[in-house]
Amino acid sequence: MEKVNKVLLLMIAMAAIMLAAVGIDRGMQAYDAWKWESERLVRYEQAYADVADMQVTISQLSQDQEAITAFIEENKSYFEAETGIGEGWGSLQEDTYGKIEEEVLTEQDLPEVEWGENPDVTGDGLFENADITGNGFPGNADITGNELPEGSDVTGNDVSGNSGVSSNDLDGYTDISGNWIEEGGEISGNTLAERQKIRSSYMETQMQNKIDLEVIAENSADFSDISIACLGDSITEAANLSNTENYQQFSYPSRLKELLNAESVTNLGIGGSSIGRYWENAFVDRYKEIPEDTDLILVMGGTNDGFCMSEKDVGSMEERKAGTFIGDLDELMRGLKENYPKAEIVFVTPLPNVLHDMLKKERDYLLPQSVLVDVIIQLATEYDISVIDLYNSNILDTHDAAVIFNYMPDGVHCNPEGYSVLAEHLAAELIKMYGGDVPKEQE
């Protein structure tokens, strides 16, 4: 009996030790979670304050084209090292601060050939900013080996029918977005870094806006019975213009309603908000404010998330834990699909901004914006949600001083003209999604 009692006491003691160990472990986990939450809230608030200070600094510099150019040039090497984007940033001449008068290379400037005889324009040098938009290259046309320096535009060319565009020296990369390509046409290179090596963001913005306006002008899609809701942050709200009377008239949602002649547009932008639960008014906590009968939901965010995002904040695709960017974004997308099953849902990736990299310069734990963009695209693909990828479009990127000077004076928010450019691009993309008639070269 005594032996049995000793065994029981030993078992009780072991159980007590195990329970104590479990309790200590859980206690340590709870302490670590509390400590992490407290520390990251402090980091978030400090980042928010530093971003506000940088906005003031850039706003002051943006009033002087030489000063803002010098600022970008001073930090250019850091931006290149961090992102791989290089030659298009900050390389500005004084005349780029107005509307660009582009050199145009039209058909009469090309070699005289019979277009039915498989023309060979191999090796022809095209000057900087040359525009060969719209030239017809019939089946098997050979433009191999052409050197197209920075700024060359080959957008919109018909290279159908096994046209060879491989092995061209395109000064790094070239912009082939919007080309009409069939049967063997070969294309590659649609990232921000690739586009920026072709032309500056300011030039890209000018060129893309011209295309967008053409798409809008030829639109036949009917949005008159479409109700739209725009969920977003201060860029959606146009909060930077709040000192102006009726400031929301300049916001992209208001402009979008006019451009599409939509039935209604609800602006659910709140300054300082984020997709994930970093501060108050996170998208994931307020998406149910979207009216039930909404036909089209646009979600544009991620800028503020980027100001906070360490590797731990991002989370993992496997775990998708609440309170991480991946977990909260997953919850948001799933919730939108479940609660608005009849609505078309479109996510819009954030515009690249110089403030993110300036903040990252002081906080090496921050991840590049591209990480956040990749997560948005990956999860949207999983949920069968459409994406308008502003980040990789190379428009309105404030690493380009001319974009700051003309469109985005604080480095992250637009002026009224900038919001119009943004709205016109989104409108053109939506027209394409809804099957409106567009110029063939833009299909």
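**View 1. The loop between β5 and α13 (401-406) is where N394 is found.** This is a predicted model. N394 has a positive phi of about 70°, even though it is not a glycine. Is N394 buried or exposed? With a relative accessible area of 0%, N394 is buried, because buried means under 20%.

**View 2. L396 is also found in the loop between β5 and α13.** Here is another residue that is not a glycine but has a positive phi, this time of about 50°. L396 counts as buried, at 0% relative accessibility.

View 3. The 5 strands pair in parallel, in the order β2-β1-β3-β4-β5. Which strands stand at the edges? They are β2 (264-269) and β5 (386-388); each has a single partner strand, so one side of each is left without a neighbour in the sheet. On average, neighbouring strands of this sheet are turned by 20° against each other, direction ignored. Strands β3 (residues 296-300) and β4 (residues 344-348) pair over 5 bridges, and L296 has E344 as its bridge partner in β4.

**View 4. Two helices lie across strands of the sheet.** Helix α6 (residues 252-260) lies across β1 (227-232), β2 and β3, at about 165° to β2. Helix α10 (residues 325-339) lies across β1, β3 and β4, at about 155° to β4.

**View 5. Helix α4 (residues 201-217) is mostly covered.** Of its 17 residues, 13 are buried. From first C-alpha to last, α4 reaches 24 Å, close to the 24 Å expected at 1.5 Å a residue.

Terms used. Residues are numbered from 1 along each chain as its sequence is written. This is a predicted model: local features need pLDDT of at least 70, side-chain atom pairs count only at pLDDT 80 or more; totals for chains, interfaces and linings use all residues. Side-chain values use heavy atoms; hydrogens and water are left out. Two strands pair if DSSP finds at least two bridges between them. Helices (H or I, at least four residues) and strands (E, at least two) are DSSP runs, numbered from the N terminus. Axes are lines fitted to C-alpha atoms, for helices over the stretch in contact, and angles run from 0 to 180 degrees between N-to-C directions. Contact means heavy atoms within 4.5 Å. The expected span of a helix is 1.5 Å times one less than its number of residues. Buried means under 20% relative accessible area, exposed over 50%, partly exposed in between (1.4 Å probe, protein chains only).
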